[in-house]
Amino acid sequence: MTEPNVLAVVGSLQKGSVSRVVIGHVAEQFGAAGCKVDVLDFLKEPLALYNPDTAHELPGYAELQARVERADVICLGTPDYHGSLSGAMKNFLDHFWHEFAGKLFATIVASHEKGLTVTDQLRTIARQCYAWTLPYGVSFTEDIDVEDDKIVSDTLRKRLAMLVRDARIYGALLAQQRRADLIGREPGFLARHRR
Ligand SMILES: Cc1cc2nc3c(=O)[nH]c(=O)nc-3n(C[C@H](O)[C@H](O)[C@H](O)COP(=O)(O)O)c2cc1C
């Protein structure tokens with residue numbers, strides 16, 4: 001089966017972000033497995049606060065939309081802010097929904113408290129956008145799992161290897177069915193996304 005296209009998103013604007021380190025690591029792993037990987041980092045590519053009236057007029061919006069459309073797997077890395085996802089990540093997710101339908105979200109949370117509420121909220125957002133999620137999320141803790149911009153925990157490495165493997169395999173299966181459903185005639189949730 002063809003390897004899926006991956007969009008890996010950094011949800012922290014902090015310069016020394018541990019989410020960025022981990023997203024960088026998984027992007028490398030996806031790439032090594034033969035996936036096309038696109039990393040979206042709002043520190044390098046700022047994204048204006050979503051305004052439904054003007055979002056389509058933003059410079060670079062059509063290009064960003066095309067990058068989201070190209071992705072089969074959307075790997076989200078966010079810090080836990082007040083038991084929720086970061087504003088930067090929520091802002092990105094607010095900009096799109098049709099583009100997420102039928103795709104696979106894989107979620108990673110930097111948290112001091114396992115990030116369970118954040119993972120649940122990302123799953124809720126995925127459901128609202130008719131996206132699939134892996135049946136688990138990965139979370140980790142700064143200064144324990146990541147130090148000096150490096151992953152120092154074998155447990156985290158193993159969890160991330162599992163996430164990358166599952167996102168590749170299930171992402172490819174879902175992408176194949178999504179493409180078939182988008183050109184098919186059967187009923188199903190993707191019928192409304194046919195052009
Ligand atoms: C505004 C703010 C709110 C936070 N709220 C929480 C929280 O509710 N629970 C938690 O475990 N950590 C919380 N943190 C800590 C961050 O999740 C943690 O430092 C994370 O590793 C930062 O990731 P980053 O380096 O990728 O930005 C908060 C940090 C900030 C700045």
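In what order do the elements of the protein chain run from the N terminus on? The order is β-α-β-α-β-α-β-α-β-β-β-β-α.

## Basis of the model

This is a predicted model, in which local features need pLDDT of at least 70 and side-chain atom pairs count only at pLDDT 80 or more, while totals for chains, interfaces and linings use all residues. Residues are numbered from 1 along each chain as its sequence is written, and side-chain values use heavy atoms, with hydrogens and water left out.

## Overall architecture

The protein chain contains five helices and eight strands. These elements are DSSP runs numbered from the N terminus, with helices (H or I) of at least four residues and strands (E) of at least two.

The radius of gyration of the protein chain is 16 Å, which agrees with the value near 16 Å for a compact globule of 195 residues. That radius is taken over C-alpha atoms, and the globule rule is 2.2 Å times the number of residues to the power 0.38. Along the principal axes, the C-alpha trace spans about 50 × 40 × 30 Å. Of the contacts in the protein chain with a separation of 6 or more, 77% join residues 24 or more positions apart; a contact means heavy atoms within 4.5 Å.

## Surface, burial and charge

Buried means under 20% relative accessible area, exposed means over 50%, and partly exposed lies in between (1.4 Å probe, protein chains only). The accessible surface of the protein chain comes to about 10500 Å², and 52% of this surface belongs to carbon and sulfur atoms. The areas come from the Shrake-Rupley method with a 1.4 Å probe; for residues, only the protein chains shown count as cover.

There are 23 positive and 25 negative side chains, and the centres of the two sets lie 6 Å apart. Lys and Arg count as positive and Asp and Glu as negative, whereas His and the chain ends are not counted. Each charge is placed at NZ of Lys, CZ of Arg, CG of Asp or CD of Glu.

## Helix H5 and its packing

Helix H5 (residues 154-183) has 30 residues, and its first and last C-alpha atoms are 43 Å apart, close to the 44 Å expected at 1.5 Å a residue. The expected span is 1.5 Å times one less than the number of residues. The buried residues of H5 include Leu156, Leu160, Asp166, Ala167, Arg168, Gly171, Ala172 and Arg178. The buried residues of this helix pack against helix H1 (18-32), E3, strand E4 (104-110), strand E6 (138-140), E7 and E8.

Leu104 belongs to strand E4 and counts as buried at 2% relative accessibility. Leaving aside neighbours within four places in sequence, the contacts of Leu104 include Val73, Ile74, Trp132, Asp166, Ala167, Tyr170, Gly171 and Leu174. The C-alpha atoms of Leu104 and Ala172 are 9.2 Å apart in space, although the two residues are 68 residues apart in sequence.

## Loop residues with positive phi

Most residues other than glycine have a negative phi. His82, which is not a glycine, has a positive phi of about 55°. This residue lies in the loop between strand E3 (73-79) and helix H3 (87-94) and is exposed, with a relative accessible area of 86%.

Asp148 also has a positive phi, near 45°. Its loop connects strand E7 (146-147) and strand E8 (150-151), and Asp148 is exposed at a relative accessible area of 71%. Between Asp148 and Val18, 130 residues apart in sequence, the C-alpha to C-alpha distance is 9.1 Å.

## Other loop positions

Trp97 is located in the loop between H3 and E4 and is partly exposed, at 31% relative accessibility. Not counting residues up to four places away in sequence, Trp97 touches Cys129, Tyr130, Arg192 and His193. Trp97 and Val68 are 29 residues apart in sequence, with a C-alpha to C-alpha distance of 9.9 Å.

Pro135 occupies the loop between strand E5 (132-133) and E6 and is exposed, with a relative accessible area of 69%. The C-alpha atoms of Pro135 and His95 are separated by 24 Å, at 40 residues apart along the chain.
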